[in-house]
Amino acid sequence: MEQRKHWWNGKWGRLARRDVYLRADADQWFVEQRAGGAEGISRFYEYDSEDEAYETVRALLSGPDEWRSLDGDAI
């Protein structure tokens with residue numbers, strides 16, 4: 001599995017930190033929504049297309065947080 005993108009809400013601490021990951025494996029796309037940093041709780045989504053995965057990423061990144069790409073790319 002290859003990690004393609006990683007976004008972070010810019011907040012430190014187990015209670016405030018949120019991460020969103022976009023990963024690909026062959027023809028499958030995966031989105032991980034993590035709350036609480038490396039030891040936090042994750043929710044996973046699986047898609048057959050990159051477009052569907054990006055729709056979920058856009059929805060997860062909407063809201064009051066100022067999301068930052070840890071890859072240097074915008075969504």
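## A charge over a ring

Arg 17 lies over the face of Trp 12, at 6.0 Å from the ring centre. The model is predicted.

## The tryptophan pair

Trp 12 also has an aromatic partner, Trp 8. A pair of aromatic rings is described by the distance of the centres and the angle of the planes. For Trp 8 and Trp 12, the centres are 5.1 Å apart and the planes make 70 degrees. That angle is over 60, so the pair counts as edge-to-face. A search of the whole structure finds one aromatic pair.

Trp 12 is exposed, because its relative accessibility is 69%, over the 50% limit.

## Strands and hairpins

β2 and β3 run antiparallel and are joined by eight bridges. The hairpin of β2 and β3 has two residues between the strands. Ala 26 in this hairpin takes a positive phi near 60 degrees.

β3 and β4 also run antiparallel, with seven bridges between them. Glu 32 stands opposite Phe 44 in β4. Five residues lie between the strands of this hairpin. Here Gly 36 takes a positive phi, near 100 degrees.

## Helix α1

Helix α1 covers residues 50-61, twelve in number. From first C-alpha to last, α1 reaches 16 Å, close to the 16 Å expected at 1.5 Å a residue. Gly 63 follows α1 and has a positive phi near 125 degrees.

Which residues of α1 are buried? They are Ala 53, Tyr 54, Thr 56, Val 57, Leu 60 and Leu 61. These residues cover an arc of only 160 degrees around the axis, so they lie on the same side of α1. An α-helix has 3.6 residues a turn, so residues three or four places apart point the same way. The face turned away from the buried side carries the exposed residues Asp 51, Glu 55 and Ala 59.

## What covers the helix

What covers the buried residues of α1? The cover includes β1 (2-8), β2 (18-25), β3 (28-35) and β4 (41-47). Among these strands, β2 pairs with β3, and β3 pairs with β4.

Methods: Residues are numbered from 1 along each chain as its sequence is written. This is a predicted model: local features need pLDDT of at least 70, side-chain atom pairs count only at pLDDT 80 or more; totals for chains, interfaces and linings use all residues. Side-chain values use heavy atoms; hydrogens and water are left out. Rings of Phe, Tyr and Trp (its six-membered ring) pair if their centres lie within 6.5 Å; planes under 30 degrees apart count as stacked, over 60 as edge-to-face and the rest as tilted. Buried means under 20% relative accessible area, exposed over 50%, partly exposed in between (1.4 Å probe, protein chains only). A charge sits over a ring if NZ of Lys or CZ of Arg is within 6 Å of the ring centre and within 35 degrees of the ring normal. Helices (H or I, at least four residues) and strands (E, at least two) are DSSP runs, numbered from the N terminus. The expected span of a helix is 1.5 Å times one less than its number of residues. The arc is that of the directions from the helix axis to the C-beta atoms. Contact means heavy atoms within 4.5 Å. Two strands pair if DSSP finds at least two bridges between them.
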